[in-house]
Amino acid sequence: MLGFLDPLIAGESFWDYDEIYAPLSTIFSLAIFIPFISVSVRRLHDVNRSGWWLLIELTIIGLLFPILYWFCKKGDEGENRFGPKPIAQTL
């Protein structure tokens with residue numbers, strides 16, 4: 001959505017707008033950076049991985065496989081080294 005709003009604010013058409021750092025998109029990216037890190041670390045703790053594993057995204061191998069796998073993997077049942085399961089199962 002911001003990709004369409006940035007050119008409108010600049011007074012250009014969508015097709016002619018070629019700014020790399022569009023103002024609204026940049027502000028939004030900066031605003032969600034810290035929450036993204038926080039949620040990612042919590043997700044890694046759910047699968048019994050340290051938050052430091054998030055740094056593997058800076059490598060080509062980490063970007064392709066492990067982080068995506070760990071984010072999609074089901075969390076550990078019960079307690080792990082980072083504490084109890086945050087959501088109790090109710091049936």
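Is Arg-43 buried or exposed, and what is its relative accessible area? Arg-43 is buried, with a relative accessible area of 19%. The cut-off for buried is under 20%. The views below come from a predicted model.

Figure 1. From the N terminus on, the elements run α-α-α-α. The chain has 91 residues, and 19% of them count as buried. The average pLDDT of the chain is 80. A score of at least 70 is reached by 82% of the residues. Among the elements, helix H2 (residues 23-46) has the highest mean pLDDT, 90. Helix H3 (residues 60-64) has the lowest, 73.

Figure 2. Arg-43 is buried at 19%. Asp-46 is partly exposed, with a relative accessible area of 28%.

**Figure 3. Lys-74 and Glu-77 meet in a salt bridge.** Their side chains come to 2.9 Å, N to O. Lys-74 has 59% relative accessibility, so this residue counts as exposed. Glu-77 has 44%, so this residue counts as partly exposed.

**Figure 4. Trp-53 and Trp-70 form an edge-to-face aromatic pair.** A pair of aromatic rings is described by the distance of the centres and the angle of the planes. The structure holds 2 aromatic pairs. In the pair of Trp-53 and Trp-70, the distance is 5.2 Å centre to centre. The angle between the planes is 75 degrees. Planes over 60 degrees apart count as edge-to-face. This pair links distant parts of the chain. Trp-53 is in the loop between H2 and H3. Trp-70 is in helix H4 (residues 66-72), and the two are 17 residues apart. How exposed is each partner? Trp-53 counts as partly exposed, at 37% relative accessibility. Trp-70 counts as buried, at 9%.

**Figure 5. Phe-65 and Tyr-69 form a stacked pair.** Their ring centres are 5.8 Å apart. Why does the pair count as stacked? The planes of Phe-65 and Tyr-69 are at 15 degrees, so the pair is stacked. The limit for stacking is under 30 degrees. Phe-65 counts as exposed, at 54% relative accessibility. Tyr-69 counts as partly exposed, at 43%.

**Figure 6. Arg-49 lies over the face of Trp-53.** The distance from Arg-49 to the ring centre is 5.9 Å. Trp-53 also takes part in the edge-to-face pair with Trp-70. This view therefore returns to a partly exposed residue, with Trp-53 at 37% relative accessibility.

**Figure 7. Four residues form a nonpolar patch on the surface: Phe-33, Ile-34, Phe-36 and Ile-37.** Together they have about 390 Å² of accessible area. One of them, Ile-37, is found in helix H2. Ile-37 has 30% relative accessibility, so this residue counts as partly exposed.

Notes:
Residues numbered from 1 in each chain as written. Heavy atoms only, no water. pLDDT = per-residue confidence, 0-100. Helix = DSSP H or I, 4+ residues; strand = E, 2+ residues; numbered from the N terminus. Phe/Tyr/Trp six-rings, centres within 6.5 Å; stacked < 30°, edge-to-face > 60°. Buried < 20%, exposed > 50% of the residue type's maximum accessible area, 1.4 Å probe, protein only. Lys NZ or Arg CZ within 6 Å of the ring centre and 35° of its normal. Patch = residues over 30% accessible without salt bridge, like charges linked within 9 Å, V, L, I, M, F, W, Y side chains within 5 Å. Areas by Shrake-Rupley, 256 points an atom, 1.4 Å probe, with all protein chains shown as cover.
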